[in-house]
Each structure stands twice: as structure tokens, then as C-alpha cells.
Amino acid sequence: LDPNLSPMARSKTTPKAPLSVAKVFSTPIDPARHNKRELLILHAVRVFHQQGLHGTGIAEVMKLACVGKGQFYHYFESKEQFICEVVRFITDDFLTRIAPYTFRLESMERFDAWFQPYLDFAELPRHLGCPVGGIASEMSPSHPAVRACVALCLQRWVLALAEGLGL
């Protein structure tokens, strides 16, 4: 979710004190720091979370990212693939946020720190909740590819928790 930390940088670093989710959602996205594909995903994360999938057209996301329709389909084969990439991005970001705490959840302090990113979503305006859960509830019943993608991402979260608990 951090709009100024590229996916490459996220995969190579484990920030000690990442920005809170609320701060990330209020930080302007710097187009000079991202390629067009990343801009599409970053804007989609915010708009899908604020308005829902059914309340958002791909054209709105393209306009925010200053990307034309041809460019969109250069990066993504379909709307469903795009949504899956958004879900993967959110999951990667979230797992990066909890990574410092999942090695061993041997104390309530570590568990509280692990759980904090979940609570951060509740601090967002309009209490929008989990962005992956929102996408899952809107798309997965009618889109098997999105359902499968969401299931895999949620399984990654479950595995991170199980690892931290030593299961």
C-alpha cells in the first residue's frame, strides 16, 4: 500500500517502522517514482477500497494513473487479471508489514504488533475494512479466476500466522 515503495524495494526490505495504513492512504502517489503498471495498481488499491469494485470503472483508474486504454491492456490481459494483481499487491504489502512479527508470536506484545495492520484499516475514513475481503465479497462469486486468486492470497496470510505460532 505504501505508494512510494516500489514492489521491487518491498521485496528486498523489511521496514522496521512502515507508515501506518491510514498515512499511506492519505499520502499522494508520486508518479515519478512508479511505472505505469504500478500507478494503475496503486490507484486501484485506493479507489477499489473507497468505492468498491462495482462502484469503480477501469476508466476511472486509468484516468487517475494517466494511462490510456491501450496501455492498460498492454499490462493486463483483462479486468480480472488486473484485479488479481491488485489483490496480490495488497497481500504482498500486508505480509511485508507483519513480517517482523511473524517469526515467533511468542508474546502478546508480538501478537499485538502483528495484528496492528488489521486495526489500521479500521482507522480509515468510513471504516472501509479489509481491502482483500471487500474485493472477495464483490467479485469472487461470479469470477472464478478472482476467487482463486483471493483464496491463494488469504492462504498466504494464514500460513504466515501459522508459522508465527509454530504450527
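Of the contacts in this chain (heavy atoms within 4.5 Å) between residues at least 6 apart in sequence, 68% join residues at least 24 apart. Keep in mind that this is a predicted model, where local features need pLDDT of at least 70, side-chain atom pairs count only at pLDDT 80 or more, and totals for chains, interfaces and linings use all residues. Residues are numbered from 1 along each chain as its sequence is written, and side-chain values use heavy atoms, leaving out hydrogens and water.

**The whole chain**
- You'll find 9 helices and 0 strands here (DSSP runs of H or I, at least four residues, for helices, and of E, at least two, for strands, numbered from the N terminus).
- Out of 167 residues, 41% are buried (under 20% relative accessible area, with a 1.4 Å probe and protein chains only).

**Zooming in on Val87**
- Val87 sits in helix H6, which covers residues 79–102.
- Val87 counts as buried because its relative accessible area is 1%.
- Leaving aside neighbours within four places in sequence, Val87 touches Val132, Ile135, Cys149, Val150 and Cys153.
- Ile41 is 46 residues away from Val87 along the chain, and their C-alpha atoms are separated by 9.3 Å.

**How H3 meets H4**
- Helix H3 (residues 36–51) packs against helix H4 (residues 58–65) at about 125°, with axes 8 Å apart (lines fitted to C-alpha atoms over the stretch in contact, with angles from 0 to 180 degrees between N-to-C directions).
- Residues making this contact include Leu39, Leu40 and Phe48 of H3, plus Ile58, Val61 and Leu64 of H4.

Notes: Buried < 20%, exposed > 50% of the residue type's maximum accessible area, 1.4 Å probe, protein only.
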